Amino acid sequence: MHNPFSLLCMNLLTHLRACSLNPKNSAQGASYSLGFTHWRGPFASPGWVPQKVHDDRSKVLRKGLGNQMKRTVMTAGLLIVVVSFLSGSLTHAGMPGPNPADLWHYITKVSPYKEWSFWPDHQGIQSGRAPHGPLYRVYVNDRALNSPRPPVKYGSIQVKESYNKAERLIAITVMYKVPEYNPKDGDWFWVKYTPKGQAKPFGKPAGCIGCHGTRVRNDFILVHDFR
Ligand code: HEC
């Protein structure tokens, strides 16, 4: 594999050799077109054609070098942008965006929440308080579970199932910790789903934040105490 810098060096070498070997170059009013025809590296644009340039060889070289440098700098810049974009998205690879559809897909298909764990101090089904229904169960993903203290790690998700008295599932409420989503209220994305996945409300609802905001120091989490 050649990197852009070794390619640049090879191009320059080829060009210099072509110029010095070309007998036309020593003649008065010489053309460097032959040299340039060799100089069509990966950075040469398709529309670029060898130019006829007269007498001043160093000027031609300087100009050529300048163009080549420009292309190299642009290519390197592009590479940096692409690489940083890729690594940025890899940091959160596989995590859903802060919107109801992506999150629902994630917690039901990509990483089904029923396979997650419970907080150690809040296992299985519990009897709840208003407004979440008389019975509920809270599942947490590994990122939440492995957060030793508040605030929990980004990517943490808590899923709460609410049941009625007959133990029928009536709602699924979710809190999802997203970088820079809502810094003033703990960066939580909130959503309430019907059992079929219809979302309302979602985002930054004042209602959710109002109640859970009574425990800001516990990162808005009510069922688990960090020690
Ligand atoms: C009236 C107060 C109140 C409102 C409004 C409220 N919650 Fe809660 N929430 C609670 C309480 C209390 C608990 C603890 C469990 C219980 O007793 O039902 C809880 C628990 C939870 C949990 C389990 C994790 C934790 O923090 O303990 C989630 C997830 C959750 N709520 C999401 C939501 C979402 C999403 C909304 C908005 C759509 C919302 N809640 C609105 C009071 C509220």
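This is a predicted model: local features need pLDDT of at least 70, side-chain atom pairs count only at pLDDT 80 or more; totals for chains, interfaces and linings use all residues.
**Exercise 1.** Work out which strands stand at the edges of the open sheet.

*Solution.* Start with the layout: six strands make up the open sheet, in the order β1-β2-β3-β4-β5-β6, with antiparallel pairing. Now look for strands with a single partner: these are β1 (126-127) and β6 (199-203), so one side of each has no neighbour in the sheet. Then zoom in on one pair: β4 (residues 169-177) and β5 (residues 188-193) run antiparallel and are joined by six bridges. In that pair, Tyr 176 sits opposite Phe 189 in β5.

**Exercise 2.** Find the residues that touch the most other members of the largest nonpolar core.

*Solution.* The core has 23 residues, and the two you want are Val 174 and Tyr 176. Next, see where the core comes from: α4 (100-110), β2 (135-140), β3 (157-163), β4 and β5 each give at least two residues. The top contributor is β5, with five. Finally, check Tyr 176 itself: leaving out residues up to four places away in sequence, it touches Pro 98, Leu 103, Ile 157, Trp 188 and Phe 189.

**Exercise 3.** Describe the shell around the ligand by its nearest residues, its sources and its classes.

*Solution.* First, the nearest: out of 23 residues around the ligand, these are Gly 128, Cys 208, Cys 211, Leu 222 and Val 223. Second, the sources: β2, β3, β4, β5 and α6 (206-212) each supply at least two shell residues, and α6 has the largest share with four. Third, the classes: 14 shell residues are nonpolar, six are polar and three are charged.

Note on methods. Residues are numbered from 1 along each chain as its sequence is written. Two strands pair if DSSP finds at least two bridges between them. A nonpolar core is a set of buried Ala, Val, Leu, Ile, Met, Phe, Trp, Tyr and Cys residues joined through C-beta atoms within 7 Å. A residue is buried if 20 or more other C-beta atoms lie within 10 Å of its own, exposed if 12 or fewer, and partly exposed in between; C-beta atoms are placed from the backbone. Two residues are in contact if their C-beta atoms, placed from the backbone, lie within 7 Å. A residue is near a molecule or strand if its C-beta atom, placed from the backbone, lies within 6 Å of it. Ala, Val, Leu, Ile, Met, Phe, Trp, Tyr, Cys and Pro count as nonpolar, Asp, Glu, Lys and Arg as charged, and the others, Gly among them, as polar.
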